[in-house]
Amino acid sequence: MGDDTRDRGWGEKFAEVWISSSQDATEQPAYVYWSAASDPAPLVVSLHSWSGDYKQHDPLAELCAAAEWNYIHPDFRSANNRPEACASRAALADIDDAISYAIDNGTVDESFVYLVGGSGGGHACCAASLTSKHDIRASYAWVPITDIAAWYHQTADRDLRYAADIEAVLAGVDDFYEAARERSPLYMPLPLRTGALHVFAGVRDGYDGSVPISHSLGLFNRLCRELGEPDAAVDEGELIALLTRDLREPVGKLGDRAVWLRRDTGFGSLTIFDGAHELLHEVCFDLIVDDYRSGSN
């Protein structure tokens, strides 16, 4: 997946809408699909990547339309290269506003609202799962950035453009590290606001990709410690094996990919799969459909 910002066209079935921000009354864009099903249908809120915006191509859109599910792809202040983006108060409010707009304008089963995002969208997904005012059934965060200061140094050391983006986001702040923490899911206040947070990371990310899996592992272990499930945390030996890719036998499958580590908890799950920096769209949608079927029966 990487950080592909291309707009490949949305087609007539998807409508461009403008949503009034509850934060500053600006008009924020999104693409939507409204289910034509006779009964209320689930809603998928799909979040663009770090350098993308609401026009970014998203395979989940067609999957939702084919299933006659509601779908919204908000802008939430566009690319993360300015202070008003990158899990700012306004950006997170935009995500909540998009959910409210979909509930008000589509035929949405409010018991089944799902958040999805990869990379920078995974960052936003984790942040929204900790801050949203809505009753979100589950969040699916793929290869997320969870520690902005750590990612700044990781990308600066590799001469990646994301370091300059973070400098632009935090331009003019008094304390770079404190400001970075405020935008980092790893440090955001608990409790978790969603019904479940599922985190996925490709084991080669950081080597073959821009976000080391330490971001996913660190957030998951923090949630284990602070939400009362310390025994589910990834221990030091497992961490070293994953980070050095000293792996033995897979423990399962995710679609057609081997899974090297899987943890299920009361608050969600962690899956480290055989891959790089990517969101497996069809696999993700199948997981959401499975959750919907189990919850609606």
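A salt bridge is taken here as a side-chain nitrogen of Lys or Arg within 4 Å of a carboxyl oxygen of Asp or Glu. The structure is a predicted model, in which local features need pLDDT of at least 70, side-chain atom pairs count only at pLDDT 80 or more, and totals for chains, interfaces and linings use all residues. Residues are numbered from 1 along each chain as its sequence is written, and side-chain values use heavy atoms, with hydrogens and water left out.

The whole structure contains 12 salt bridges. One of them is formed by the side chains of Lys-13 and Glu-62, with an N to O distance of 3.2 Å. This pair links distant parts of the chain, 49 residues apart: Lys-13 belongs to the segment before β1 (15–20), and Glu-62 to helix α1 (residues 59–67). Helices (H or I, at least four residues) and strands (E, at least two) are DSSP runs, numbered from the N terminus. Lys-13 has a relative accessible area of 47% and is partly exposed; Glu-62, at 42%, is partly exposed. In this classification, buried means under 20% relative accessible area, exposed means over 50%, and partly exposed lies in between (1.4 Å probe, protein chains only).

A salt bridge with an N to O distance of 3.1 Å connects the side chains of Arg-204 and Asp-274. The two residues are 70 residues apart and link distant parts of the chain, with Arg-204 in the loop between β7 (197–202) and α7 (214–226) and Asp-274 in the loop between β10 (268–273) and α9 (281–296). Arg-204 is partly exposed at 26% relative accessibility, and Asp-274 is partly exposed at 29%.

Within helix α7, Glu-226 and Arg-222 are 4 residues apart, about one turn of the helix. Their side chains meet in a salt bridge of 3.1 Å, N to O. Glu-226 is partly exposed, with 47% relative accessibility, whereas Arg-222 is buried at 8%. Asp-24 is located in the loop between β1 and β2 (27–33) and is partly exposed, at 36% relative accessibility. The C-alpha atom of Asp-24 is 7.6 Å from that of Ala-90, although the two residues are 66 residues apart along the chain.

Two packed helices are described by the angle between their axes and the distance between the axes. For helix α2 (residues 89–105) and helix α3 (residues 120–131), the axes come within 10 Å and cross at roughly 75 degrees, which makes α2 roughly perpendicular to α3. The contact (heavy atoms within 4.5 Å) involves Leu-92, Ile-95 and Asp-96 of α2, together with Ala-124, Ala-127, Ala-128 and Thr-131 of α3. These residues comprise 5 nonpolar, 1 polar and 1 charged. Here Ala, Val, Leu, Ile, Met, Phe, Trp, Tyr, Cys and Pro count as nonpolar, Asp, Glu, Lys and Arg as charged, and the others, Gly among them, as polar. Axes are lines fitted to C-alpha atoms, for helices over the stretch in contact, and angles run from 0 to 180 degrees between N-to-C directions. Angles under 35 degrees count as roughly parallel, over 145 as roughly antiparallel, 65 to 115 as roughly perpendicular and the rest as oblique.

The search for disulfides (pairs of cysteine sulfur atoms within 2.5 Å) returned 0 in the whole structure. For Cys-64, the nearest cysteine sulfur is that of Cys-284, 9.4 Å away; Cys-64 is buried at 0% relative accessibility. For Cys-224, the nearest cysteine sulfur belongs to Cys-126, at 13 Å, and Cys-224 is buried, with 0% relative accessibility. Cys-284 lies in helix α9 and is buried at 0%. Apart from neighbours within four places in sequence, Cys-284 contacts Val-116, Tyr-140, Trp-142 and Leu-279.

Leu-190 and Pro-191 are joined by a cis peptide bond with omega of about 15 degrees, and Pro-191 is in the loop between α6 (176–182) and β7. Ser-78, which is not a glycine, has a positive phi of about 70 degrees. Ser-78 is placed in the loop between β4 (70–74) and α2 and is buried, at 16% relative accessible area. Ser-119, not a glycine, has a positive phi of about 65 degrees; Ser-119 occupies the loop between β5 (108–118) and α3 and is buried at 2% relative accessibility.
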